[in-house]
Amino acid sequence: MTPKIQLTNKPAIAIYAIWLFHISGILGITLGYFDWFIEKTSVNLLACLILFFVFYPVRRPKQIATFLVFFLGGLFAEWLGVHYGILFGDYSYGSNLGLKIDGVPLLIGTYWGLLTFVTAGILDFTKWNNGFKIGIGAALMVILDFFMEKNAPIFDFWTFEGNGAPIQNYMTWYFIALLFHGILRIVKIEGNRVFALHIYLAQLLFFVFFYFKY
């Protein structure tokens with residue numbers, strides 16, 4: 001009898017892959033292979049997104065529809081920021097985040113969705129009420145953005161005019177994140193909290209490391 005091959009939802013291999021991507025990036029950039037690793041940023045983010053869809057997971061119509069709302073909402077907010085200087089401040093995107101539509105990388109829209117789901121998943125470890133989860137989830141998103149901002153011009157992700165990101169950027173991030181987390185709690189979507197924690201911590205470690213290095 002031929003044994004059946006079964007797919008598993010256990011995200012152990014995906015978690016190892018995520019840490020491998022990020023630690024390899026830290027080591028490679030630190031050892032002098034800056035351009036090679038930074039040019040692969042969009043590939044790394046796309047790989048993380050695929051793993052997220054498979055192992056979080058995001059498969060059911062409600063999950064996919066909610067993710068699309070965050071994707072389109074984030075993309076529209078960034079489009080307003082890039083073209084009109086409102087919401088986040090005056091900034092423009094560089095060349096290391098892949099394909100753009102009218103100046104905004106598609107990966108940025110997916111990142112809004114991924115980060116909302118992931119930070120919400122982390123808070124599912126707690127027994128806090130939804131209001132507290134919404135507020136803390138939004139704060140987790142802003143914390144990661146804070147450490148990304150200093151690295152963004154160096155990595156050619158995006159660049160703000162003047163002396164870096166204004167306070168307006170973080171305030172807008174927080175309010176949009178509040179909205180997205182509120183939607184996620186209303187529709188009652190939960191995912192793999194362990195996978196969510198690892199993908200957030202891997203991203204945070206990467207940007208914190210280079211925040212202090214540069």
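The largest nonpolar core of this predicted model has 62 residues, and those with the most contacts inside it are Phe52, Phe117, Trp158 and Phe195. Helix α5 (residues 106-123) gives the largest share of this core, ten residues. A nonpolar core here is a set of buried Ala, Val, Leu, Ile, Met, Phe, Trp, Tyr and Cys residues joined through side-chain atoms within 4.5 Å. Buried means under 20% relative accessible area, exposed means over 50%, and partly exposed lies in between (1.4 Å probe, protein chains only). Helices (H or I, at least four residues) and strands (E, at least two) are DSSP runs, numbered from the N terminus.

The model is predicted, so local features need pLDDT of at least 70 and side-chain atom pairs count only at pLDDT 80 or more, while totals for chains, interfaces and linings use all residues. Residues are numbered from 1 along each chain as its sequence is written, and side-chain values use heavy atoms, with hydrogens and water left out.

- Phe52 is in contact (heavy atoms within 4.5 Å) with Pro57, Val58, Phe67, Leu114, Phe117, Val118 and Phe195, leaving aside its neighbours within four places in sequence.

**Aromatic pairs**

- Rings of Phe, Tyr and Trp (its six-membered ring) pair if their centres lie within 6.5 Å; planes under 30 degrees apart count as stacked, over 60 as edge-to-face and the rest as tilted.
- By this rule the model has 37 aromatic pairs.
- One of them joins Phe70 and Phe117, which are edge-to-face because their ring centres are 5.9 Å apart and their planes stand at 70°.
- Phe70 belongs to helix α4 (residues 61-84) and Phe117 to helix α5, so this pair ties together parts that are 47 residues apart in sequence.
- Phe70 is buried, at a relative accessible area of 0%, and Phe117 is buried, with a value of 0%.
- Trp79 and Tyr84 also form an edge-to-face pair, with 5.6 Å from centre to centre and 70° between the planes.
- Trp79 counts as partly exposed because its relative accessibility is 26%, whereas Tyr84, with a relative accessible area of 55%, is exposed.

**Charges over rings**

- A charge sits over a ring if NZ of Lys or CZ of Arg is within 6 Å of the ring centre and within 35 degrees of the ring normal.
- The charged end of Lys40 is placed over the ring of Trp36, at 4.3 Å from its centre.
- Lys150 lies over the face of Tyr211, 5.1 Å from the ring centre.

- The expected span of a helix is 1.5 Å times one less than its number of residues.
- Helix α1 (residues 12-30) has 19 residues and should span 27 Å, which agrees with the 27 Å between its end C-alpha atoms.
- Buried residues of α1 include Ala14, Ile15, Ile18, His22, Gly25 and Ile29, and the buried residues of this helix pack against α2 (34-38), α3 (41-55) and α8 (193-213).
- Just after α1 comes Gly32, with a positive phi of about 110°.
- Helix α7 (residues 167-187) has 21 residues and reaches 31 Å from its first C-alpha to its last, close to the expected 30 Å.
- Among the buried residues of α7 are Asn169, Tyr170, Trp173, Ile176, Phe180 and Leu184; what covers the buried residues of α7 includes α4, α5, α6 and β4 (158-160).
- Lys188 follows α7 and has a positive phi, near 60°.
- An α-helix has 3.6 residues a turn, so residues three or four places apart point the same way.

**Backbone exceptions**

- Most residues other than glycine have a negative phi, and most peptide bonds are trans.
- The peptide bond from Tyr56 to Pro57 is cis, with omega near -10°, and Pro57 lies in the loop between α3 and α4.
- Leu87, which is not a glycine, has a positive phi of about 75°; Leu87 is in the loop between α4 and β1 (91-93), and its relative accessibility of 29% makes it partly exposed.
- Asp102 is not a glycine either, and its phi is positive at about 50°; its place is the loop between β2 (100-101) and β3 (104-105), and at 47% relative accessibility Asp102 counts as partly exposed.

**A residue of helix α6**

- Ala139 lies in helix α6 (residues 130-154) and is partly exposed, at 27% relative accessibility.
- Ala139 and Ile199 are 60 residues apart along the chain, and their C-alpha atoms are separated by 17 Å.
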